[in-house]
Amino acid sequence: MGDVSLVFVKVAEISEVPAGKMKKITLEGKDVLIVNLNGTYYAIGNKCPHRGGDLSKGTLDGTQITCPRHKAKFDITSGKVISGPKLPIVRPTINDEPLYDVKVEGNDIFIKTS
Ligand code: FES
């Protein structure tokens with residue numbers, strides 16, 4: 001099994017992220033969103049690439065997270081943009097969120113560092 005702590009950092013315990021819930025953590029100075037989707041954990045960047053909306057305050061619907069600020073949508077299993085910000089005139093193109101590797105061992109959730 002090896003020592004996962006060399007590249008994976010413990011960021012939370014599973015009791016902190018129940019099924020259907022999400023949690024914001026900080027990993028090496030970056031905000032990361034952990035999502036528990038029916039027992040499988042995913043982690044993507046938490047800061048919206050549009051204007052920095054806090055995705056942990058957004059709406060989770062299945063595999064889709066909606067930014068609380070201008071409603072851009074991201075796929076939490078890939079970090080990819082599903083639809084951009086809903087603004088009245090301009091429709092800016094935004095970047096995908098970074099996707100992080102997640103591992104669960106016992107009660108602990110680990111995320112892979114870069
Ligand atoms: S800050 Fe997220 S859509 Fe604008």
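This is a predicted model: local features need pLDDT of at least 70, side-chain atom pairs count only at pLDDT 80 or more; totals for chains, interfaces and linings use all residues.
Q: Where in the chain is the place of Pro68?
A: Pro68 sits in the loop that runs between β6 (64–66) and β7 (73–75).

Q: How far apart are Pro68 and Ser56 in sequence and in space?
A: The sequence separation is 12 residues, and the C-alpha atoms of Pro68 and Ser56 are 8.7 Å apart.

Q: Is Pro68 buried, exposed or partly exposed?
A: Buried means under 20% relative accessible area and exposed means over 50%, with partly exposed in between. Pro68 has a relative accessible area of 31%, so it is partly exposed.

Q: And Asn46: does this residue count as buried or exposed?
A: Its relative accessibility is 2%, and therefore Asn46 counts as buried. Asn46 belongs to a loop as well, the one between β4 (40–45) and β5 (59–61).

Q: What does the side chain of Asn46 reach?
A: The backbone nitrogen of Ser56, at 2.9 Å. A polar contact requires a pair of N or O atoms within 3.5 Å. Leaving aside neighbours within four places in sequence, the residues in contact with Asn46 include Ser56, Lys24, Asp31 and Glu97. Gly53, Asp54 and Leu55 are also among them.

Q: How many helices and strands does the chain have?
A: There are 11 strands and zero helices. Read along the sequence, the pattern is β-β-β-β-β-β-β-β-β-β-β.

Q: What share of the residues counts as buried, and what is the accessible surface of the chain?
A: Of the 114 residues, 37% count as buried. The accessible surface is about 6,500 Å², with 48% of that area belonging to carbon and sulfur atoms.

Q: What share of the contacts with a separation of 6 or more joins residues 24 or more positions apart?
A: Such residues account for 43% of those contacts in the chain.

Q: How many aromatic pairs does a search of the whole structure find?
A: A pair of aromatic rings is described by the distance of the centres and the angle of the planes. The search finds zero aromatic pairs.

Q: Which residue lies over the face of Phe8?
A: Lys103 does, at 4.8 Å from the ring centre.

Key:
Residues are numbered from 1 along each chain as its sequence is written. Side-chain values use heavy atoms; hydrogens and water are left out. Rings of Phe, Tyr and Trp (its six-membered ring) pair if their centres lie within 6.5 Å; planes under 30 degrees apart count as stacked, over 60 as edge-to-face and the rest as tilted. A charge sits over a ring if NZ of Lys or CZ of Arg is within 6 Å of the ring centre and within 35 degrees of the ring normal. Helices (H or I, at least four residues) and strands (E, at least two) are DSSP runs, numbered from the N terminus. Buried means under 20% relative accessible area, exposed over 50%, partly exposed in between (1.4 Å probe, protein chains only). Contact means heavy atoms within 4.5 Å. Accessible areas come from the Shrake-Rupley method with a 1.4 Å probe; for residues, only the protein chains shown count as cover. A polar contact is a pair of N or O atoms within 3.5 Å; within protein, one must be able to donate a hydrogen and the other to accept it, and residues adjacent in sequence count only if both atoms are side-chain atoms.
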